[in-house]
Amino acid sequence: MKTTVVLGVTGSIAAYKAADLTSQLVKKGYEVVVIMTASAQKLVCPQTFLTLSRNPVITDLWTMPEWQPGHIELSDRAKLLVIVPCSANFIGKLANGIADDALSTYALSHTGKVMVVPAMNPKMWKHPAVQQNVKTLKDRGVEFIGPVSGRVACGDDGEGRMEEVPAIIARILKTI
Ligand SMILES: Cc1cc2nc3c(=O)[nH]c(=O)nc-3n(C[C@H](O)[C@H](O)[C@H](O)COP(=O)(O)O)c2cc1C
């Protein structure tokens, strides 16, 4: 029986790195179920994750083929929800219990471990609203991986860059 990991992908330019993560987790024997936000789908194609995960990709709450909302059945077997990359917006939604799309709705039904891998401009990461939301999530037991310092896609330097895939995998392997 494979261990199930739900991989949430949100609207950050680092979303393409989640494809590599999917491929590596599948090679390590995990079942990976990918849930993408609408913004993530503007940056990376769901077909990429369908092919790499060999599983249907959840892209919308209202187009699930099953008779019951799929997120409930999935939460019964998923050991880990890892959000890679996690946008500032999605950190806010997680912290405040907002459930207005497939990923945020799934997150509220998930009872296993939650890991967040933020990626954003350093100014966004430093914003008090984001930092307050990060604190709320950490107090709730959510584990953060990164962000790290370095040059982000827009050219700014500072903390906000997504942690690299090998380090994310090392943390996942240590957790489940
Ligand atoms: C090209 C592009 C890149 C973006 N990169 C990031 C990013 O790295 N981090 C972030 O927090 N938001 C980023 N955004 C903004 C988010 O996509 C936006 O806040 C969106 O509402 C996030 O939606 P989601 O959390 O549902 O995925 C980016 C937007 C664009 C147009």
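**Peptide geometry, sheet, core and ligand shell**

Proline 147 is located in the loop that runs between strand S5 (143-144) and strand S6 (148-151), where strands (E, at least two residues) and helices (H or I, at least four) are DSSP runs numbered from the N terminus. The structure is a predicted model, in which local features require pLDDT of at least 70 and side-chain atom pairs count only at pLDDT 80 or more, whereas totals for chains, interfaces and linings use all residues. Residue numbers start from 1 along each chain as its sequence is written.

The peptide bond between glycine 146 and proline 147 is cis, with omega at about 5°. A cis peptide bond also joins valine 84 and proline 85, with omega at about -10°, and proline 85 lies within strand S3.

The strands S2-S1-S3-S4-S5, in that order, make up an open sheet of five strands with parallel pairing, two strands being regarded as paired if DSSP finds at least two bridges between them. S2 and S5 stand at the edges with a single partner strand each, so that one side of each has no neighbour in the sheet. Strand S1 (residues 4-9) is joined to S2 in the parallel sense over six bridges, and the bridge partner of valine 5 in S2 is valine 32. An antiparallel pairing over four bridges links S6 to strand S7 (residues 157-161), with arginine 161 of S7 as the bridge partner of valine 148. S6 and S7 form a hairpin with five residues between them, and in its turn glycine 155 adopts a positive phi of about 105°.

Valine 82 lies in strand S3 (residues 78-86). This residue is buried, because 25 other C-beta atoms lie within 10 Å; by the criterion applied, a residue is buried if 20 or more other C-beta atoms lie within 10 Å of its own, exposed if 12 or fewer, and partly exposed in between, with C-beta atoms placed from the backbone. When neighbours within four places in sequence are left aside, valine 82 is in contact with Val5, Leu7, Met115, Val117 and Ile172, a contact being defined by C-beta atoms, placed from the backbone, that lie within 7 Å. The C-alpha atoms of valine 82 and tyrosine 106, which are 24 residues apart along the chain, are separated by 12 Å. In the largest nonpolar core, which has 50 residues, Leu7, Val82, Val84 and Val117 touch the most other members; such a core is a set of buried Ala, Val, Leu, Ile, Met, Phe, Trp, Tyr and Cys residues joined through C-beta atoms within 7 Å. S3 contributes the largest share of this core, seven residues.

In helix H3 (residues 46-53), the buried residues are Phe49, Leu52 and Ser53. These residues lie on the same side of H3 because they cover an arc of only 85° around the axis, the arc being that of the directions from the helix axis to the C-beta atoms. In general, an α-helix has 3.6 residues a turn, so residues three or four places apart point the same way. The cover over the buried residues of H3 includes helix H1 (16-27) and strand S2 (31-36). Arginine 54 lies in the loop between H3 and helix H4 (70-77), and its phi, near 60°, is a positive value in a residue other than glycine. Arginine 54 counts as exposed because it has 11 C-beta neighbours inside 10 Å.

Around the ligand there are 15 residues, of which Thr10, Gly11, Ser12, Thr37 and Ser87 come nearest; a residue is near a molecule or strand if its C-beta atom, placed from the backbone, lies within 6 Å of it. Helix H2 (38-43) and helix H5 (88-96) each supply at least two residues of this shell, and the largest share, three residues, comes from H5. By class, the shell comprises eight nonpolar, seven polar and no charged residues, where Ala, Val, Leu, Ile, Met, Phe, Trp, Tyr, Cys and Pro count as nonpolar, Asp, Glu, Lys and Arg as charged, and the others, Gly among them, as polar.

Note on methods: Two residues are in contact if their C-beta atoms, placed from the backbone, lie within 7 Å.
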